[in-house]
Amino acid sequence: MGLFSSKPDIKKGDMVYAWTNDQDIAKKAECGGAVTTLLKYALENKLVDGVIVVKKGQDIYDAVPTLVTDPKGLKDTAGSLHCGTGLLANVLKKRFNGAKNMKIGMTVKGCDLMALQELARRKEVNLDNLLLIGVNCGGTVSPMMARYMITTKYGVDPDKVFKEEIDKGQFIIEYEGGHKGIKIDELEDEGFGRRSNCRRCLYKVPRQADLACGNWGVIGEKAGKATFVEVCSDKGADLMSKAVKAKALEVSAPEPKGIEIRGKTENAMLKLGEKWRKRDFSRLGKDPWTTINNETSRCIKCYSCIENCPVCIPTAETLKKSYAIEPGQIPPNPMFHLRRFAHISDSCVNCGQCEELCPMEIPLALFSHAIRVEADAAFEPKLGKPAYSN
Ligand code: FAD
Ligand code: SF4
Ligand code: SF4
């Protein structure tokens, strides 16, 4: 018998508008509060032992991954933090033993989900013990970039900003004394905006999670007040049915026009991602080897890219014993990087952790993502499209 065993009224494949009946969650939620309410329901009813979510730390640039085991604590984790660039899949693997001995509910973006699938293939994560509440993801802005962009482009002290949101293609800030929104296209044409891996990302609606939740397509009187939920698995359908029966959550059929708008927005985002791929990959130039060599010559061999890559399992310790890498050599010879690119050539999920955390600002995700995209294109004619790829 599985974790979620009663017969669901809501079925896999359904789409609904959903909103919470919990006033504390409604106050803090990004839209309808469905994500927080479902996780709370799962925790209260012992469907999971704990949930991994993201909580605001010191300020809006500080997204802290948190394990919550007391349902009362969940209301503080509602709301989206677009400067939260961490990978919860890594948190699960490193801190919670890949859910091997604990049932865990998690909020996941597309890259978290792909990383979890890869980690499961490597037996680092037990997917059967996970309840995955996906959030659609248009992208994240790194905290440093957000502060710089708000100072120089918005002309606002970043410490005075108490809320940020992405709505109708704009990055909007609310600060002491006003609010201001600027189109993301304009920001990105000027070198600001989302992380470069997010610009290239093509996994906008996380349909391999149990539920995919977002704000696209919520129109009419429910605009801003409901979460658009696509039910992606029987487990997700069962959870939704139970939460609705328990009156934790209300649902209604989505507006047909809303479904159409959601589809169009997703397609527009995919086209934009393709545009960024072309633009970014052309940066490799006619001689990618020289480009990679030049860029990686700044490497100080801190091992951060290896330790924070969800799919590159060799540890710094195993690398130290490598036949291809000279110990103590800084910068390391190119094999230090080529080995990792080779290891992950068919599994890089373009989460951007390597690049985000590289102290030398080497565009590592660009290199490994370009190699993955090329590997997919090479295998696709025979094997078909990969189950997931970013
Ligand atoms: P809530 O009940 O408010 O719960 C939100 C959940 O998200 C909480 O569990 C919280 O811990 C978690 N969370 C917050 N920040 C992060 C983060 N950085 N990483 C991982 N988890 C986080 N929807 C769209 O339709 N289109 C988009 O383009 C889009 N882009 C998004 C980008 C980001 C970075 C995030 C986090 C969400 C995005 N969403 C997008 C989803 C949307 O903002 C809402 O999260 C979703 O509609 C659920 O709303 P809710 O009120 O039910 O969630
Ligand atoms: Fe979202 Fe994709 Fe960026 Fe991950 S890589 S944060 S799923 S846009
Ligand atoms: Fe080198 Fe950057 Fe990787 Fe550190 S994170 S080992 S500096 S490439």
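## Salt bridges, nonpolar cores and a ligand shell

Glu118 and Arg121 lie three residues apart in helix H4, about one turn of the helix; helices (H or I, at least four residues) and strands (E, at least two) are DSSP runs, numbered from the N terminus. This is a predicted model, in which local features need pLDDT of at least 70 and side-chain atom pairs count only at pLDDT 80 or more, while totals for chains, interfaces and linings use all residues. Residues are numbered from 1 along each chain as its sequence is written, chains are lettered from A and ligands numbered from 1 in the order in which they are written, and side-chain values use heavy atoms, with hydrogens and water left out.

**Salt bridges.** The structure holds 28 salt bridges, each a side-chain nitrogen of Lys or Arg within 4 Å of a carboxyl oxygen of Asp or Glu.

| Pair | Closest N and O atoms |
|---|---|
| Glu118 and Arg121 | 3.1 Å |
| Arg147 and Asp59 | 3.3 Å |

Glu118 is buried, with a relative accessible area of 1%, whereas Arg121 is exposed at 54%; buried means under 20% relative accessible area, exposed over 50%, and partly exposed in between (1.4 Å probe, protein chains only). Asp189 in helix H6 (residues 184-189) and Arg279 in helix H9 (residues 256-281) are 90 residues apart, and their pair links distant parts of the chain. Asp189 is exposed at 54% relative accessibility, and Arg279 is partly exposed at 39%. A network of salt bridges links Arg207, Glu230, Arg262 and Glu266.

**Nonpolar cores.** A nonpolar core is a set of buried Ala, Val, Leu, Ile, Met, Phe, Trp, Tyr and Cys residues joined through side-chain atoms within 4.5 Å. The largest has 27 residues, of which Val51, Ile133, Leu211, Val229, Leu239 and Met240 touch the most other members. Among the elements that give two or more residues to this core are strand S5 (130-135), strand S9 (211-214) and helix H8 (234-245). Helix H2 supplies the largest share, seven residues.

Leaving aside residues up to four places away in sequence, Ile133 has contacts with Val35, Leu39, Met106, Thr107, Val108, Leu211, Cys213 and Leu239, contact meaning heavy atoms within 4.5 Å. A second, separate core of 26 residues includes Val91, Met102, Ile104 and Leu119.

**Ligand 2.** Around ligand 2 there are 13 residues, the closest being Gly110, Cys111, Cys137, Cys198 and Cys201; a residue is counted if one of its heavy atoms lies within 4 Å. Helix H4 (110-121) and helix H7 (196-200) are the elements that give two or more residues to this shell.
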